[in-house]
Amino acid sequence: MSEYYLKKELYELFSKDPKILDFIEEGSLDGMWYWDLEHPEHGWMSQNFWKTFGYDPKKMKDPIPTWQDMIFKEDYDLVFEGTQKHLQDPKIPYSQLIRYKHRNGSTVWIRCRGIAIRDESGKPIRLLGAHNDVTDLMNTQIELENSYQKVEKLNKELEIKLKKETEKHSHYKADYETLFDAVPEAIFIHHIDPLSAVPSCFLDVNRSACVMTGMTKEKLLTLTPLDFRVEKNKEENVLEIAKEILKEGFSEEEERIIFPDGKELYILRSSVLRKERGEFIVYTTIKDITNQKLLEKKQREKEAIIVQQSRYAALGEMMGNIAHQWRQPLNTISLLWNKLLLHYENGSLDQKIMEKSAKKIERVTTEMSETIDSFRNFFIPNEEKKLFDLNDTVGKTFSIVKESLKGNKIEFIVKTNGELPVLGYENEFSQVLLSLIKNSKDAFLENKISSAFIEVIAKKEKNRAVITVSDNGGGIPEEVLKKIYDPYFTTKEEGKGIGEGLYMSKTIIEGSMGGKLYEKNTNRGVCFTIELPIQEKVRLGE
C-alpha cells in the first residue's frame, strides 16, 4: 500500500513541480527514495536503490526497517542530524557521505543528496533523496592513504636503522643490502661521465626496481638510463637530465617513463650526484605515481563537467544580454527603413539617399554580427593556453554585459593601465569575470541596492597581474564566506542557480592558470581578487 500511493504521488509531482525533475537531473543516480514524513513508516525506494546493495527489489516489502538495518550505526546519527537541519532550514542542503552494508557483507559508500517537499505553509511533508555510489573512489582514496602511511612508516624506520647501523659499523654490507631491498621506492645506481654526461650501465638496483620494471636484477644491470625513455621518441631527454644532475648535483621531476618492453608509468624521480673515490655516481629513486595521476585525471574530468554546466547555466543570461545589445541596432534599422518609405512616398528617394541608408544599415548589421561572434566565442572553450592581454579581455567582457547592466541601472567602472600579458585560457577567464559580475548583479537585485556599481581594476604588482572586482551589494555573511567555493553550494533560491559559478572560477584561475582567487568583505560590499603571473619576457604582437 505505502509503495503504491507514494510512487503514484511522486510521479504526479514530476508533472506538477519542475524543481523535482531539476533536482533529479543534477545527479547521476544509483538509487532514489521518497519518504512520507507525516507517516514515517511509509517509504518508497527505486529498483536501483536495492540493486546497488545487492538486493532483489521485488522481494523488499518493508523498505524503512531494512534501510535502517543496512546503514552503519556510526553514520546513522549523522544522517539524522543532517536531515533535521535541512527540514528546519531549506537553505541548508542535505548532502551526506554514508556507509551501507552490502548484502554480501562489503561496505558501500554512498553520496546521498536530499530535498524536502513542503506544503503551502512551508512544513516539510515528504523527503526525496538520490544516491550516487562512490565506493570505488573512496576505496582508492583509502588505499592511497594507507600506502602513504606505510611508506612514511618504512622511511622513518629506515632512517632509524641506517643511523644505528652507521654507529655500530658492524655487518655493514649485509644490513645495507637488507635495507636497500626494503625501500618501497625503486632505486637505481650508475656512473656518469663528467664530460659527456653519458651514463654507465646500472651498478646496482633494489628489489623494488625489479618489481616496478618487471625485470630481473641481472637484466637491469645490463641496461643504462638511456634504455628508459622519458617520452616516446625523445631519448635525448635522458642526456639533458644527466647534464642537469652534473651541473646542479640534484634533479627531481615528475615524468612519464617508458621501459624497454613498452610498459609506461608516471613517476616521481629524484636523483642525487655523489663523488666517491674519484668517480661520479648518481643515486636515483623512483616512486610510482600512476594511480595518483589517474585520480587527478578523474578530478579534472569532474571539474570539466562542472565548468560546462556553468556555461549552460550562463546561456540564459547571455540570451538576455544579446537582446539588450540588439535592441538599439534594430531600432536604428527600423528608423532607416521608415525614412526610406517616407522618401519613396514623397517621391524624393534617389540613389544618394539609398546608398547612404544602405551604408548605415550595413554598419549596424556588421556590429550585430560582431556581437553574435563575441557571444558565440564565449561558449567555445580554449583547447590550449595562449598569450592574451587581460585589459583587452576585460574590455571584451564588458562589451558583452554593458547593455544588460545599463538596463538594470548598474554603473560599470573599468580602470586599466598598460598591457598585462598572461598565458592561459582567455574564454575561460572571461567566463570567470562574467560569473563575478553576475553575482554582483544578483546581489543588487536581491538587496534592492540603489546607485549600484561594479568596479574592475586591472594593474601590475611586481611580476603578477592583479584584477579586483568589487561592488556595493552589501557583502557576503561571514558564516557563508568559507563555503562559497564549494561545488553546488548556493544561497540563492531554488531554480536561480546551482552553485557552480565560484567553484568553476577557482578551478580555472588556480587549477588551470596557476593563479589565485580570493575574496574579502568591504564596508560597501565584497571584493574578489584575481592574481596571475605575467609573461615578462614576451610582448604581445611580437
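I began at a strand pairing: I192 stands opposite P199 in β7. Strands here are DSSP runs of E with at least two residues, and helices are runs of H or I with at least four, numbered from the N terminus. I noted that this is a predicted model, where local features need pLDDT of at least 70, side-chain atom pairs count only at pLDDT 80 or more, and totals for chains, interfaces and linings use all residues. Residues are numbered from 1 along each chain as its sequence is written, and side-chain values use heavy atoms, with hydrogens and water left out.

Next I followed β6. I found it paired with β7 in the antiparallel sense over four bridges; two strands pair if DSSP finds at least two bridges between them. Their hairpin has six residues between the strands, and A197 there has a positive phi near 65°. With β10, β6 makes an antiparallel pairing over six bridges, in which A186 has I286 as its bridge partner.

Then I looked up the whole sheet. It is open, with five strands in the order β7-β6-β10-β9-β8 and antiparallel pairing. I saw β7 (199–205) and β8 (250–258) at the edges, each pairing on one side only. I also checked β9 and β10, which pair over 10 bridges, with K275 opposite F280 in β10.

Last, I turned to helix α14 (residues 426–447). I found 16 of its 22 residues buried, and K448 follows it with a positive phi near 55°.

How values were computed:
Expected span 1.5 Å × (residues − 1). Buried < 20%, exposed > 50% of the residue type's maximum accessible area, 1.4 Å probe, protein only.
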